[in-house]
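Dear colleague,

Please find below the structure that I am handing over to you. My notes on it follow directly after.

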Amino acid sequence: MANKSPAVDISHLRVVRGGRTVLPDLSCTIPPGQVTGLLGPSGGGKSTLIRAIVGVQKVQGGTVEVLGQPAGSAALRRQVGYVTQAPSVYADLTVTENLRFFARVLGARTAAVGTVLDQVDLGHYADSLVGRLSGGQRSRVSLAVALLGEPQLLVLDEPTVGLDPVLRRDLWALFHDLAAKGRTLLVSSHVMDEADRCDRLLLLRDGQVLAEGTPHALREATGADDIESAFLALINRVGWQPDRQNGTPVRTRDKEVAP
Amino acid sequence: MTPRVTLAVAGRVLAQLRRDHRTVAMLLVVPCVLLALLWWMFDGNAGIFNSVGPPLLAIFPFIVMFLVTSVTTLRERSSGTLERLLSMPMGKADLLLGYALAFAAVALAQSLLAVGLTVGALGMDVQGSVLTLTVVSVLNAVLGTALGLFVSAFAETEFQAVQFMPALVLPQLLLCGLFVPRDALPAVLEAVSDVLPLSYAVAAMREVQAASSWTSDLVLDVSVIGGSALLALMLGAATLRRRTA
Ligand SMILES: Nc1ncnc2c1ncn2[C@@H]1O[C@H](COP(=O)(O)OP(=O)(O)OP(=O)(O)O)[C@@H](O)[C@H]1O
Ligand SMILES: [Mg+2]
């Protein structure tokens with residue numbers, strides 16, 4: 001692990017949106033072959049960070065390197081799968097029509113359509129219009145599109161919102177399957193109880209990395225029982241300022257703990 | 001640009017249209033109904049129908065395509081699918097040409113119906129061939145599509161997109177020579193109408209009506225229409241940004 005170069009390497013990223021500095025100066029790395037959870041309160045900048053990694057966000061400074069190349073490079077467009085926060089599929093087409101279209105755009109095999117349909121458990125809805133599906137089903141169609149081209153890096157913005165516990169468990173199992181095959185996943189969520197399903201966490205608040213490390217290490221560092229309390233503990237530290245020291249699995253300002 | 005991707009986009013746009021019966025009716029039936037209504041209005045007066053028929057054969061496809069394209073592409077922009085597509089290996093030209101291709105196919109069907117109706121059933125007098133008339137009519141529709149693609153970049157809602165109709169299309173309609181011959185317009189307005197693409201669309205239709213062969217005027221008009229459509233598509237491509245704020 002230690003000698004593998006990170007799948008995503010961000011340093012001093014600065015993003016201003018609509019006149020407001022959303023990410024003032026963000027640095028972090030995402031290791032390959034793992035599921036990294038991006039957690040934090042609403043408006044904290046999760047989607048903005050994700051957009052910067054995918055290369056669709058205008059940035060004001062810093063560098064974002066993805067799989068060894070600058071984010072947004074043409075060569076990366078085949079290697080990065082992206083699920084936007086709002087499902088971005090065509091409501092007036094059926095599930096299969098959507099998948100076939102995106103498969104053609106990606107140059108993926110037609111057989112991939114059936115595979116991803118099974119992966120998101122929508123086989124029974126293959127011929128339903130997306131506009132007539134439930135919110136959770138629709139977001140799974142959107143997820144299926146991202147799985148089509150078997151991308152090396154999957155960047156998923158709140159893919160499990162609105163899903164029941166069983167489906168959520170199945171999807172997380174899928175994420176870990178993919179990671180076991182060497183793919184890298186970045187999954188955002190503001191549901192803290194999903195934190196424990198991640199190999200690694202990145203806590204983001206007000207555009208700053210509060211902490212990064214394994215869920216276990218994070219709980220240890222704060223002495224909290226669960227991630228939600230750990231998160232609150234981190235926020236409540238008086239005078240807390242984000243800090244960055246390389247090579248430490250968990251970093252908070254006053255404490256460092258190995259996983 | 002990849003033909004596979006361009007065709008995928010065109011096929012998808014057509015598949016979406018097929019589901020939307022009301023829009024199909026608007027694209028195919030409404031122009032015909034309007035032309036028939038016009039013929040009926042000038043009950044028995046073939047002269048007037050002959051003089052307003054050809055300009056309207058240019059104007060209806062232009063307006064209808066402008067409207068449908070600007071709303072459709074706006075929907076693509078606001079639904080997040082555009083952001084997703086641009087993060088995929090897809091050229092901007094693939095997207096725009098895919099749209100242009102799909103709507104050109106619709107325009108062809110629309111023109112065949114409208115030309116068939118006016119020339120065949122309603123007895124509009126045309127010296128030029130029906131083929132030429134159809135070609136010019138399709139080109140006008142493509143021009144409407146290209147302009148619609150372009151302006152959709154400047155609208156944030158479908159409501160705003162529709163507002164481009166009175167703002168950008170109606171002035172062209174007034175100045176295109178339908179109401180007052182262009183050379184009879186006040187000098188300033190004539191100069192303005194010289195740079196409006198719809199003026200050339202109407203002029204081309206009149207050329208086809210008056211002459212049985214491709215006159216140099218017709219060639220010029222058709223080149224201006226094609227050039228404007230191409231320019232609008234290129235401007236449209238410039239408004240498609242992979243990175244947004
Ligand atoms: N299109 C936009 N234009 C201007 N500002 C924006 C835009 N989108 C988001 N912002 C601002 O950027 C900040 C971070 O937003 P972002 O969407 O990244 O948060 P988030 O962590 O994903 O939140 P959520 O959990 O609610 O999705 C917010 O303060 C928001 O006001
Ligand atoms: Mg978000």
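**The metal site and its surroundings**

A:Ser47 counts as partly exposed, because its relative accessibility is 22% (buried means under 20% relative accessible area, exposed over 50%, partly exposed in between, with a 1.4 Å probe and protein chains only). Please note that this is a predicted model, in which local features need pLDDT of at least 70 and side-chain atom pairs count only at pLDDT 80 or more, while totals for chains, interfaces and linings use all residues. Residues are numbered from 1 along each chain as its sequence is written, chains are lettered from A and ligands numbered from 1 in the order in which they are written, and side-chain values use heavy atoms, with hydrogens and water left out.

The magnesium ion (ligand 2) has A:Ser47 (OG) and A:Gln85 (OE1) as its protein donors, at 1.9 to 2.1 Å. Donors are N, O and S atoms within 2.8 Å of the metal (3.2 Å for Na, K and Ca); water is not among the atoms, so sites may look incomplete. The two residues are 38 residues apart: A:Ser47 belongs to helix H1 of chain A, and A:Gln85 to the loop between strand S6 (80-83) and helix H2 (95-106) of chain A. Helices (H or I, at least four residues) and strands (E, at least two) are DSSP runs, numbered from the N terminus. A:Gln85 is partly exposed, at 42%.

**Contacts between the chains**

In chain A, 33 residues are in contact with 25 residues of chain B, contact meaning heavy atoms within 4.5 Å. About 2700 Å² is buried between chain A and chain B, 53% of it on carbon and sulfur atoms; buried area is the accessible area (1.4 Å probe) that two parts lose on being put together, summed over both. A:Arg77, A:Arg104 and A:Val105 lose the most area on the chain A side, together 24% of what that side buries.

**Salt bridges**

A salt bridge is a side-chain nitrogen of Lys or Arg within 4 Å of a carboxyl oxygen of Asp or Glu. Chain A and chain B share 2 salt bridges, and over all chains the count is 9. A:Arg51 forms a salt bridge with B:Glu83, with 2.6 Å between the closest N and O atoms. Within chain A, A:Glu194 and A:Arg168 meet at 3.2 Å, N to O. A:Glu194 is buried, at 1% relative accessibility, and A:Arg168 is likewise buried, at 16%.

With kind regards
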